[in-house]
Amino acid sequence: MKVVNQIREPINNEMELFEKKFYESMSSKVALLNRITYYIVNRKGKQMRPMFVFLTAKIVSEGSINERTYRGASVIELIHTATLVHDDVVDDSNIRRGFFSINALWKNKIAVLVGDYLLSKGLLLSIDNGDFDLLKIISVAVREMSEGELLQIEKARRLDITEEVYYEIIRQKTATLIAACCSLGACSVKPESDEVEMFRKFGELIGMAFQIKDDLFDYGTEQIGKPTGIDIKEQKMTLPLIHVLNKVAEKDRKWLINSIKNHNKDKKRVREVITFVKSNGGLDYAVEKMLGFKSEALDLLESYPDSPYKRSLILMVNYVVERKK
């Protein structure tokens, strides 16, 4: 049995019902919009984010969920989908999960408008039902994701990134959305409890590990759906590179920075950078940090009794750092 199916097993019924509710939450009187949202729904990914919402709600409430949980999962998926549609426009990307992206099929203007539409649908789903506590969680996540992206762009121009700044970028860019999923799940069943903040932290730690794992793929040789060295070509400063930049001699540091700034399109030079980072312990260091975030996340589950939901969350945390793509 695939790991993702194992994780999903205790919430299979909820996920099936969620998919119906999610599709309904996107409906519009505009035929073009419905055609596009139908296309989006039929090309869904693993749906890890809604799974986090349901599993955290169930571990906190010992197995029961409510309509707020479904709305929380729908809101997070609407917002997440909106950000992906906008990201593809920003990155001028024509492929998403092996299919044509919205901007590739319907052009940028429509893609931007669809992203805006999904964002507003998500916010209205909370407002119309008076879920202001859930709305606050998701709004903070949207703000932080935008800040994280902009901070990364600003730092990429100057290549002056420290490990501390890197953690702040990935916390905002990636971890904040997974943190929102987990705190939404807890908040949907136990609003104003300490567990809302605890599961926010849990999600944040998983998100940090998830992004470092993504960074490591850039140095891999396996077929992982993303070409090796792409982060270097895009001048993205990832943890293995930052660590090596901060520990090598000035001569090597200058060579690395020059390679990334001026030779990032040269395949041979990019391969040399990858080899240099590997041989100077960049990957080992990043793996060690990733496993640290993983074990901190698992520690937060310690106090909960054994249950199918707890086992699935533990599987999920391990899957994040062990996945092959």
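**Exercise 1.** Which residues form a nonpolar patch on the surface of this predicted model?

*Solution.* Look for I95, F100 and L105. Together they have about 290 Å² of accessible area.

**Exercise 2.** Which residues touch the most other members of the largest nonpolar core?

*Solution.* The core holds 99 residues, and F199, F202, I212 and L241 touch the most other members. Helix α8 (residues 163-189) supplies the largest share of this core, 14 residues. Now take F202. Leaving out residues up to four places away in sequence, F202 touches C182, A297, L300, L301, L313 and V317.

**Exercise 3.** Where in the chain do R323 and D214 lie?

*Solution.* The two form a salt bridge, with the closest N and O atoms 3.1 Å apart. R323 lies in the segment after α15 (308-322) and D214 in helix α9, so the bridge ties together parts 109 residues apart in sequence. R323 is buried, at 6% relative accessible area.

**Exercise 4.** Are E204 and R171 buried or exposed?

*Solution.* Their salt bridge has its closest N and O atoms 3.9 Å apart. Both residues are buried. Finally, widen the view: E204 and R171 belong to a network of salt bridges that also links other residues, including R143, E168 and K201.

Conventions. Residues are numbered from 1 along each chain as its sequence is written. This is a predicted model: local features need pLDDT of at least 70, side-chain atom pairs count only at pLDDT 80 or more; totals for chains, interfaces and linings use all residues. Side-chain values use heavy atoms; hydrogens and water are left out. Patches are made of residues with over 30% relative accessible area and no salt bridge: like charges are joined within 9 Å, nonpolar side chains (Val, Leu, Ile, Met, Phe, Trp, Tyr) within 5 Å. Accessible areas come from the Shrake-Rupley method with a 1.4 Å probe; for residues, only the protein chains shown count as cover. A salt bridge is a side-chain nitrogen of Lys or Arg within 4 Å of a carboxyl oxygen of Asp or Glu. A nonpolar core is a set of buried Ala, Val, Leu, Ile, Met, Phe, Trp, Tyr and Cys residues joined through side-chain atoms within 4.5 Å. Buried means under 20% relative accessible area, exposed over 50%, partly exposed in between (1.4 Å probe, protein chains only). Helices (H or I, at least four residues) and strands (E, at least two) are DSSP runs, numbered from the N terminus. Contact means heavy atoms within 4.5 Å.
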